[in-house]
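Thanks for coming. I will go through one structure this morning, so please have the sequence and the model open.

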Amino acid sequence: MNKEEMLAFARARLKPVTCLDQVEVLACEPGLARIQAPVTDHAKNAFGNAHGGWLYTLCDSCSGLAACTGGYAHVTLQASMNYLAAGRPGDLLTVEAVSEHAGRSTCVNRVTITDQEGRLLATASFTMFRLEENVPGLG
């Protein structure tokens with residue numbers, strides 16, 4: 001599967017998830033995924049900033065894309081996230097997942113969230129468990 005086909009696959013996977021409907025997939029290639037999303041009203045917490053659960057969902061989804069670029073379905077086995085700064089309404093967030101380890105049954109991805117100014121908002125580590133089945137529509 002070439003780079004453009006992989007991007008089309010990734011875009012089709014994220015759009016049906018309601019809280020990810022405004023996500024744009026910027027990159028999806030072996031060991032790397034990058035997405036962008038604006039902080040809109042549906043993403044805010046009670047204090048008016050980006051909700052931590054929404055930020056986690058962005059990271060989890062991006063990590064899943066990076067993991068499945070090898071052709072196998074993955075699920076999250078473990079994750080740890082550090083919130084460093086608030087995402088504000090109107091911010092355009094970039095989430096990047098980079099594979100640091102790709103083994104036979106697990107992969108470990110480093111995930112970061114930055115705003116449009118390059119300010120680091122969060123870091124995360126995701127361990128993804130490889131399922132035996134191939135990813136439908138990929139490969």
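Start with Tyr 56, which is partly exposed at a relative accessible area of 30%. On the cut-offs, buried is under 20% relative accessible area, exposed is over 50%, and partly exposed is in between, with a 1.4 Å probe and protein chains only. Before going on, the ground rules: this is a predicted model, local features need pLDDT of at least 70, side-chain atom pairs count only at pLDDT 80 or more, and totals for chains, interfaces and linings use all residues. Residues are numbered from 1 along each chain as its sequence is written, and side-chain values use heavy atoms, with hydrogens and water left out.

Back to the aromatic rings. Rings of Phe, Tyr and Trp (for Trp, the six-membered ring) count as a pair if their centres lie within 6.5 Å; planes under 30 degrees apart are stacked, over 60 edge-to-face, and the rest tilted. By that rule there is one aromatic pair. The ring centres of Tyr 56 and Phe 126 are 5.4 Å apart and their planes are at 40°, so this pair is tilted. Tyr 56 is in helix H2 and Phe 126 in strand E6, residues 120–134, so the pair links distant parts of the chain, 70 residues apart. Helices here are DSSP runs of H or I with at least four residues, strands are runs of E with at least two, and both are numbered from the N terminus.

Next, helix H2 itself. What span should the 17 residues of H2 have at 1.5 Å a residue? The expected span is 1.5 Å times one less than the number of residues. For H2, residues 52–68, that gives 24 Å, and the end C-alpha atoms are 24 Å apart, which agrees. Of its 17 residues, 12 are buried, so H2 is largely enclosed by the rest of the structure. Among the buried ones are Trp 54, Leu 58, Cys 62 and Ala 66.

Ser 63 also belongs to H2, and it is buried, at a relative accessible area of 0%. Its side chain makes a polar contact of 2.9 Å with the side chain of Asn 109. A polar contact is a pair of N or O atoms within 3.5 Å; within protein, one must be able to donate a hydrogen and the other to accept it, and residues adjacent in sequence count only if both atoms are side-chain atoms. Leaving aside neighbours within four places in sequence, Ser 63 is in contact, meaning heavy atoms within 4.5 Å, with Ala 97, Asn 109, Val 111, Phe 126 and Met 128. Phe 126 is the ring partner of Tyr 56.

Now the strands. Two strands pair if DSSP finds at least two bridges between them. Strand E2, residues 32–38, pairs with E4 in the antiparallel sense over seven bridges, and Ile 35 stands opposite Val 95 in E4. E4 also pairs with strand E5, residues 106–114, antiparallel over eight bridges. Ala 102 has Cys 107 in E5 as its bridge partner, and E4 and E5 form a hairpin with three residues between them.

E5 runs antiparallel to E6, joined by nine bridges, with Ile 113 opposite Ala 122 in E6. The hairpin of E5 and E6 has five residues between the strands, and Gly 118 there takes a positive phi near 85°. Strand E3, residues 72–83, pairs with E6 in the antiparallel sense over 10 bridges.

His 74 stands opposite Arg 130 in E6, and the charged end of Arg 130 sits over the ring of Tyr 72, 3.6 Å from its centre. The criterion is NZ of Lys or CZ of Arg within 6 Å of the ring centre and within 35 degrees of the ring normal.

One more residue: Thr 94, in E4, residues 92–102. Is Thr 94 buried or exposed? At 17% relative accessibility, Thr 94 counts as buried. The side chains of Thr 94 and Gln 36 are joined by a polar contact of 3.2 Å. Beyond its neighbours within four places in sequence, Thr 94 is in contact with residues including Arg 34, Ile 35, Thr 112 and Ile 113.

Last, helix H1, residues 3–14, which holds Arg 13. Arg 13 is partly exposed at 39%, and its C-alpha atom is separated by 9.5 Å from that of Ser 61, 48 residues apart along the chain.
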